[in-house]
Amino acid sequence: IDAFLARVNEVDSQIKGMLDGSIDPNDVKVDSSESIERLEKLDPAKPQPPPLHPLEADAQRRYTERMERIRQADVKKNQGNEFFNQRNYEAALEKYTEGIDIHRAHVALRLNRALVYLKLKRFDEAIDDCDFALAADHNNIKGFARRAEAKMYLGMLEDSQADLDEVWRRTARKSDERASLRALRTELRARMAESKKFSSSTTTTTTTTATAKATTTPRPTTSSANKTPTS
């Protein structure tokens with residue numbers, strides 16, 4: 001406060017001097033706008049922004065913490081991507097998992113880890129990560145595509161086809177997504193055809209065997225002791 005009052009007196013003296021002619025305005029060294037700015041900074045009565053409500057403060061804190069978790073998780077994702085590009089899938093898996101431990105709802109990390117699980121033939125775990133990603137983003141094409149591949153290798157052919165159908169339903173005819181999945185779709189169709197052929201063959205064999213048994217089994221004879229007398 002003392003500094004503020006001293007500065008006020010200084011400015012007041014300069015103004016009076018300029019008014020009564022005892023001070024030449026050109027001799028005033030401090031720019032008036034600078035003086036005003038400095039006075040405003042010193043002004044103890046200048047209104048300050050009100051403190052945040054406890055709920056607002058808590059929301060701001062949680063938002064800041066969440067953004068920091070996302071940043072740290074992205075660092076792990078980028079590290080994992082480098083290992084993946086080097087085909088070091090175990091190291092990539094470790095980094096993706098570390099990122100998920102930091103931010104469990106990180107969809108990209110879930111999908112990247114699902115891709116690593118596919119490479120490592122850990123199909124059940126790939127499905128789990130795809131399920132999580134699709135729960136957060138119902139229209140995620142990669143989630144449907146990677147889950148379809150995992151299900152195909154587990155022999156869940158109908159479910160795999162359903163996931164691929166979702167990809168086709170959500171993408172354009174000449175889209176990159178469809179182009180990248182044509183090989184998978186072709187393989188799935190071949191597996192389904194083979195499965196139907198095997199099922200049909202099994203049914204035919206079972207039917208033939210049952211018919212043969214029925215033909216070769218002797219008919220039971222009727223005992224004369226069991227006949228009802230005619231008279």
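Predicted model: local features only at pLDDT ≥ 70, side-chain atom pairs only at ≥ 80, totals over all residues.
## Basis

Local features require pLDDT of at least 70 and side-chain atom pairs pLDDT 80 or more, while totals for chains, interfaces and linings use all residues. Residues are numbered from 1 along each chain as its sequence is written, and side-chain values use heavy atoms, without hydrogens and water.

## Nonpolar cores

A nonpolar core is a set of buried (under 20% relative accessible area, 1.4 Å probe, protein chains only) Ala, Val, Leu, Ile, Met, Phe, Trp, Tyr and Cys residues joined through side-chain atoms within 4.5 Å. The largest has 17 residues, and those with the most contacts inside it are Phe84, Tyr96, Val116, Ala126 and Ala150. At least two residues of this core come from each of α3, α4 (89-102), α5 and α6 (123-136); helices are DSSP runs (H or I, at least four residues) numbered from the N terminus.

A second, separate core has 14 residues, including Ala145, Leu164, Val167 and Leu184.

## Lining of the largest pocket

The lining residues (an atom within 4 Å of a pocket grid point) number 14, with Ala145, Arg146, Glu149, Ser180 and Leu181 nearest the centre of the largest pocket. Helices α5 (107-119), α7 (141-153) and α9 (176-216) each supply at least two residues of this lining.

Key. 1 Å grid on protein atoms, 1.4 Å probe; cavity = no way out; pocket = protein on both sides within 12 Å on 5 of 7 lines; lining within 4 Å. Buried < 20%, exposed > 50% of the residue type's maximum accessible area, 1.4 Å probe, protein only.
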